[in-house]
Amino acid sequence: PQGRMLFPALAAFSALWMKGWATLLPGRLGKRVLLLPALALTVLAFYAPWGYIWPAYASPPLLEESDVPASLRRLNWTYAGKIKLLGVEIWPQVVKPGQVLNVRACWQVLKPVDRNYSLFVHVWGKGGVIPGGETLVQVDTFPGLGNCPFRCIPPGKVLCEVYPLRIPDGAEAPVRLTVEMGVYDFHEPGR
């Protein structure tokens, strides 16, 4: 998932690869053969921002409340009178260590939000949500996996997103898992 961090180094690597190939191939043939990878890399350089980077960072679609999936378990929990967790859907029902547990949450903004609240999803193992309980995996993020903060969502609109949570290979099994999720202000000391 961090392959984008190699983009700045591609130009330097490409120059070194071309220099290496140029020493192996004689004269005009070498120049002609090297033209093909140069053109391919140029096409990739122009395509990558719109074909790979833009879709990866695009804001998720906003829905109307009537478009929320019917399979959602309705909760209608409200945070600070501004954000409502309409419901969640969790699948698969049985998950083994090393597998992914998917949690879909649908959030609705009720009133304009003045700050960027963060979301958390915790999966608890043995002991559940109590002191001494074991947090198997967690995700802390902004809505839209960082691409759609609550303050950018118009009141009445709904954001549904899936949080894929990989259960660690060493997790104790079989155990009944507990999923805990909520909203908090990242800059609030007591969170």
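This is a predicted model: local features need pLDDT of at least 70, side-chain atom pairs count only at pLDDT 80 or more; totals for chains, interfaces and linings use all residues.
At 42% relative accessibility, Arg74 counts as partly exposed.

Residues are numbered from 1 along each chain as its sequence is written, and side-chain values use heavy atoms, with hydrogens and water left out.

## Salt bridges

Side chains of opposite charge can pair when their charged atoms come close. The rule used here asks for a side-chain nitrogen of Lys or Arg within 4 Å of a carboxyl oxygen of Asp or Glu. By this rule the model has seven salt bridges.

One of them joins Glu65 to Arg74, with N to O at 3.6 Å.

Another joins Lys82 to Asp114, at 3.5 Å from N to O. This pair links distant parts of the chain, 32 residues apart. Lys82 sits in the loop between β2 (73-79) and β3, while Asp114 sits in the loop between β4 and β5. At 54% relative accessibility, Asp114 counts as exposed. Strands such as these are DSSP runs of E with at least two residues, helices are runs of H or I with at least four, and both are numbered from the N terminus.

Lys126 and Glu172 form a further salt bridge, their closest N and O atoms being 3.8 Å apart. Lys126 lies in the loop between β5 and β6 and Glu172 in the loop between β7 and β8, so this pair ties together parts that are 46 residues apart in sequence. Glu172 is partly exposed, at 44% relative accessibility.

## Cysteines

Which cysteines are joined by a disulfide? Cys106 and Cys160 are, with their sulfurs 2.0 Å apart. The cut-off for such a pair of cysteine sulfur atoms is within 2.5 Å. The structure holds one disulfide. The torsion about its S-S bond is about 115°, so the disulfide is right-handed. Cys106 lies in strand β4 and Cys160 in strand β7, so the bond ties together parts that are 54 residues apart in sequence.

Cys148 is in no disulfide. Its nearest cysteine sulfur belongs to Cys152 and is 6.5 Å away.

| Cysteine | Relative accessible area | Class |
|---|---|---|
| Cys106 | 0% | buried |
| Cys160 | 16% | buried |
| Cys148 | 5% | buried |
| Cys152 | 47% | partly exposed |

## Nonpolar cores

In soluble globular proteins, nonpolar side chains tend to be buried together. A core is taken here as a set of buried Ala, Val, Leu, Ile, Met, Phe, Trp, Tyr and Cys residues joined through side-chain atoms within 4.5 Å.

The largest core has 27 residues. Trp107, Phe150, Ile167 and Met181 have the most contacts inside it. The elements giving two or more residues to this core are β3 (83-91), β4 (100-109), β5 (118-124), β6 (135-141), β7 (158-166) and β8 (178-184). Which strand gives the most? That is β4, with five residues.

A second, separate core has six residues. Among them are Val68, Leu72, Val158 and Cys160. Cys160 is also one end of the disulfide to Cys106.

## An open sheet

Three strands form an open sheet in the order β6-β5-β8, paired antiparallel. Two strands pair if DSSP finds at least two bridges between them. β6 and β8 are the edge strands, each pairing on one side only. On average, neighbouring strands of the sheet are turned by 15° against each other, direction ignored.

β5 and β6 run antiparallel and are joined by six bridges. Val123 has its bridge partner in β6, namely Val137.

## A proline in a helix

Where is Pro37 found? It is in helix α2 (residues 27-56). At 33% relative accessibility, Pro37 counts as partly exposed. Pro37 and Ser59 are 22 residues apart in sequence. In space they are 34 Å apart, C-alpha to C-alpha.

Conventions: Buried means under 20% relative accessible area, exposed over 50%, partly exposed in between (1.4 Å probe, protein chains only). Axes are lines fitted to C-alpha atoms, for helices over the stretch in contact, and angles run from 0 to 180 degrees between N-to-C directions.
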